[in-house]
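Visitor: I would like to go through this model with the definitions at hand. Where shall we begin?

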Amino acid sequence: MNEFGNSLRTTLKMATKTPLSTIALAFEELSQCGTKDEGLPLDKFCDACSLVSVLFNSLGLAFKFAEMEYVAKVGNLVEASKRFATLENIVDADVGNGTVKKQRSPSRDLRRVRQGLDLVRALFEQFLSSKDYSLRNAASTAYAQVCAPYHTWAVRTAVSAGMHTLPSREQLLLKLNETDHSAKKKMRRYIKASRPLIDYIDKLYISRKIRLDW
C-alpha cells in the first residue's frame, strides 16, 4: 500500500508539472547557488535560463524577435560555460580584453539574457496587476519598460505591429496548462527569485564601472 501511495504521489507530481512551475523552481534553486566570494555558476545559470524560451514561444509572433535573440544568447553562454566557471569570470575576462560590448562577447550576451529575464519579470508583474488587464496591454507595457529604450525605431515598430497577434490571456493560460490562480502563484515565485538575480547581474557591471545604458 505504501509503495502504491508513493507511486501515486509521483504520478500526481508529474501530472501537475508545468512550464511555469519548472521555471519558478529553477530560479528559486539558482538564487541559492554561489556566494559573494565564489560567484554564480555559469552552467547552472544557463540551465535555468534555457527554460524561459518556452514562455516567449507561447507569446507567438509578437515576441519571436525576443525568443530568437534570447535563445541565441543563452546558447553562446552555454558555450562560454565550457571555458568559464562563473558569471564573474566572463565579465572579468571581457574587461581585461576590452571586449565587454563587442558582438558575441560573453559579457554582451549576458547583458541581453538578463534583459530577457527582466522582460518576463515585467510581463508577469503586469499580468498580475489586474485580472481584466489584457495580455496585449501587459506585454506592451513590459516591452516599453525593459526593451524599447535599447531597440531601434524599426524594431520598436515591428514589435508594436506584432502585439496584435498575441494570444488572449485565456489562450496563454491554456498553452501553459495553468489556471489564472495557479499561474499567478508561479509568476510571483519567479518574480521573487529573479529580482535579486537581475540586480546581481547589474552589479557585476556597475562594480566594474560599466554603464548599463546599452
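Visitor: What makes you place K209 in the segment after α11?
Guide: Helices are DSSP runs of H or I, at least four residues, and strands are runs of E, at least two, numbered from the N terminus. By that rule α11 covers 180–206, and K209 lies in the segment after α11. This is a predicted model, where local features need pLDDT of at least 70, side-chain atom pairs count only at pLDDT 80 or more, and totals for chains, interfaces and linings use all residues. Residues are numbered from 1 along each chain as its sequence is written, and side-chain values use heavy atoms, with hydrogens and water left out.

Visitor: Why is K209 called exposed?
Guide: Exposed means over 50% relative accessible area, buried under 20%, and partly exposed in between, with a 1.4 Å probe and protein chains only. K209 has 79% relative accessibility, so K209 counts as exposed. Its phi is near 60°, a positive value in a residue other than glycine.

Visitor: What is the phi of R104, and where does R104 lie?
Guide: R104 has a positive phi of about 70° and is not a glycine. R104 sits in the loop between α6 (87–97) and α7 (106–129). Its relative accessible area is 60%, so R104 is exposed.

Visitor: How many helices and strands does the protein have?
Guide: The count is 11 helices and 0 strands. Along the sequence the pattern reads α-α-α-α-α-α-α-α-α-α-α.

Visitor: How do you know which residues belong to the "Glycolipid transfer protein" domain?
Guide: From the record: UniProt, in an unreviewed entry, lists residues 41–178. UniProt positions are given in the numbering used here, feature names are shortened, and annotations may be inferred rather than shown by experiment.

Visitor: What radius of gyration would a compact globule have, and what does the protein have?
Guide: The radius is taken over C-alpha atoms, and the globule rule is 2.2 Å times the number of residues to the power 0.38. For 214 residues a compact globule would come near 17 Å; the protein has 18 Å, so the value agrees. The C-alpha trace spans about 60 × 50 × 25 Å along its principal axes.

Visitor: What share of the residues is buried, and what share of the contacts joins residues 24 or more positions apart?
Guide: Of the 214 residues, 48% count as buried. Contact means heavy atoms within 4.5 Å. Among contacts with a separation of 6 or more, 73% come from residues 24 or more positions apart.
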